[in-house]
Amino acid sequence: MSVKISNEYAFLIPTCPLVAACLTGLLTFFFSKATRSFRRLCSSFNIFLLIVALFVSIFLLREQFVNYSTEETFLNKEFIWTWIYDKTFCLTVGFLVDSLSLTMAILVTTVGILVMIYSDSYMRYDQGYVRFYAYLSLFTASMSGSVFSPNLIQLYFFWELVGMCSYLLIGFWFTRSSAANACQKAFVTNRIGDFGLLLGILGLYWTTGSFEIFELCDRFIELEKTGFVNFLFANIIIVLLFLGPVAKSAQFPLHVWLPDAMEGPTPISALIHAATMVAAGIFFIARIFKLILSLPLAMSIISWVGGLTALLGATLALFQKDLKKGLAYSTMSQLGYMVSALGIGADRSALFHLITHAYSKALLFLGAGSVIHSLEKIVGYSPNKSQNMFFMGGLRRYMPITGTTFLLGTLSLCGIPPLACFWSKDEIITKLWLSSSYLGLVASGTAALTAFYMFRIHLLTFEGDFRASQSDEIDFNYSPQTNKTITFSFWGKTELMKEPAIGQISQNAASLEFRVKNVLSTYFVDPNQSSQIDSNRVLLKPKESDFFMTIPLIVLAIPTVCIGVLGVDIPETQKELGFTSFFNWFVFSSNIFKEYKITEILFEILLDSIGSFSLSLFGLFLAYITYGQSSNTIKQKQIFKSEFSSEKKIISVLGYFAYYAQSWSLNRGFIDYYYDLFFIRGTMFLSQVFLNFDRHIIDGFVNATGLVSFFSGESIRYGENGRISYYSFTILVGISLLIILLLILVPPFP
């Protein structure tokens, strides 16, 4: 018997996690000691309510399919209650139920449930276990509320609530200074974008007189067509609105908070910084896409911001040492793909890639968390060691489930068919080439870089030899001879040298060659000549994570492999209704291969994608020949010698490129340095100037006035002796002086 749920029950989707967050938070606040004894019950309660929200989302989406198949008008349903009513102003709250909001709700709830199950094991011994679940549920409720918002005021409210939850979760381990600084950086950076978003919302209301999304879009388009709205002003409003997604989705130039946000617990990175929060910006652009589509200038700005962000994120991820930061820059790059696709009008392709990337990247982050969780028992709990890929290696032998699922996520993100991200990313690249050859070139180059750095991450983490066991014999962080920074290397044992300070510029060729030769002689020695390991010391080995951490990995591997095929565009339908192809698959599942010839379409897509697929294979091959032989130190040494000519003292072109690429990557493109130089230090300098002006000029004038009054009063006080004859004489002298002045200054009468 089929279950039918009215769309009016959509309020349960954000309400369920909100109730869980409130109850869990209140219990933690008022009964903190008692809560610890039944904390597993609290986590189960949060998971249960989120499962309820998931089932409601699934049933509502099923109703969308049924009504779509019967050709009923069921695309957008608004359930609105009046909040503020006036003769000239009306503000409502409610829920907008359509295919986009329901698909996003399913994405948020599915990833949220898996992250909560995963966190039960990952955060088991953390003192803030229950508080962590309260934050997770609050974030899920905030994200769900934003996707169902029918007007911009309600959306902005939940948008800010999402930012607050991100602040709380990034700074969850707030006693660690790096985490406290990271959450403040994320909060301040997002406030910049949110301020622009607020100005854009107010500009839209001033122009259209409405906050309702569909209503203001229609009004704005009509006003723009009739010439009532100035062309420049209209584009400024769209750019201001775009500032919100720029900050939330980590687009250039407000991307600087995302890598630092990895200071939070790894499950947070999977939920917030891979699948949901950073996708909120993409969702917002898609929600007001009808409004943006009418302004070509704004569309061009959006597409190029996305394209530059995609390329920038890929270059910054090339030589990262931190596993989570490498994945964070990968997220930034893939979000750039989505924004660029929205900028050229390919909203369906952008949302398609949002879904495939969300599941693939959530799998990668949870896999990274599994690795970190296992490695912490060996190298310690410092992120500089437990997240450092050069303390890893060979983990696939010890962690087969994690290694296999991580490889699937890696290949998916690299664009290898038939995995999920291949279909969506290739669709975006194809449409970018059709729109602009320059954007297509940027997207294709980014695809090759993505394959290189993602396969590099996999090889350094799961292939080769386990390097953490060598940490007692080799100092991974400093050179034992010079204790100087080593800034060029393909390999972990040199790439692990103390990271150069932000803004450090590359040295000359002779200095670089000296350092590389020093590294070769120090680290890449013949294994037969290396020091013997103490036979009494027992080497610890990593172990596979437990059931509650591996099950989410296996579950996420399923959509990573399969969901891409579901989103393939079917040209024969000739309908652009957002997720039209999803409707077709579910509604016509029995005859889909016959009616639309899906096999031929998929084969044609594979043929058309030979170019981008070849670039991905080239990136994989380059990563393999560079990092795939990490266990052979003799070959490592030969690679360096082939790049650095010791006889002619000349560094090869490849050496120059690799050196500057690594310096660019490890220094974050020097963007943080210049932000610090111009904005932070500039602001501090201006603050000091204003402080000195206030202290010496403003306060000096006030203080000088007081001193003059004080000393004047003191001097006059001695003339007040109380004698009437003295006062009379003073008055007589004063009158005489006035008469003399009048006689001198006033001319005589004629």
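Is Phe30 buried or exposed? Phe30 is exposed, with a relative accessible area of 56%; exposed means over 50%, buried under 20%, and partly exposed in between (1.4 Å probe, protein chains only). The model is a predicted one, in which local features need pLDDT of at least 70 and side-chain atom pairs count only at pLDDT 80 or more, while totals for chains, interfaces and linings use all residues. Residues are numbered from 1 along each chain as its sequence is written, and side-chain values use heavy atoms, with hydrogens and water left out.

The chain contains 32 helices and 4 strands. These are DSSP runs numbered from the N terminus (helices: H or I, at least four residues; strands: E, at least two). Of its 750 residues, 53% count as buried. Among contacts with a separation of 6 or more, 79% join residues 24 or more positions apart; contact means heavy atoms within 4.5 Å. The chain exposes about 34,300 Å², and carbon and sulfur atoms supply 67% of that area. Accessible areas come from the Shrake-Rupley method with a 1.4 Å probe; for residues, only the protein chains shown count as cover.

The structure holds 24 aromatic pairs. Rings of Phe, Tyr and Trp (its six-membered ring) pair if their centres lie within 6.5 Å; planes under 30 degrees apart are stacked, over 60 edge-to-face, and the rest tilted. One of the pairs is Phe29 with Phe30, edge-to-face, at 5.0 Å centre to centre and 90° between the planes. Phe29 also counts as exposed, at 65% relative accessibility. In the pair of Phe452 and Tyr627, the ring centres are 6.3 Å apart and the planes meet at 55°, so this pair is tilted. It links distant parts of the chain: Phe452 belongs to helix α21 (residues 437-462) and Tyr627 to helix α28 (residues 610-627), 175 residues apart. Both Phe452 and Tyr627 are buried.

One aromatic cluster is formed by Tyr129, Phe132, Tyr133, Tyr135, Phe172 and Trp173. Two arginines lie over rings of these residues. Arg39 lies over the face of Tyr129, 4.6 Å from the ring centre. The charged end of Arg131 sits over the ring of Phe172, at 4.1 Å from its centre. A charge sits over a ring if NZ of Lys or CZ of Arg is within 6 Å of the ring centre and within 35 degrees of the ring normal.

Leu737 lies in helix α32 (residues 724-745). Leu737 also contributes to a nonpolar surface patch of about 1,000 Å², whose members include Phe729, Val733 and Val746.

Key:
Patches are made of residues with over 30% relative accessible area and no salt bridge: like charges are joined within 9 Å, nonpolar side chains (Val, Leu, Ile, Met, Phe, Trp, Tyr) within 5 Å. A salt bridge is a side-chain nitrogen of Lys or Arg within 4 Å of a carboxyl oxygen of Asp or Glu.
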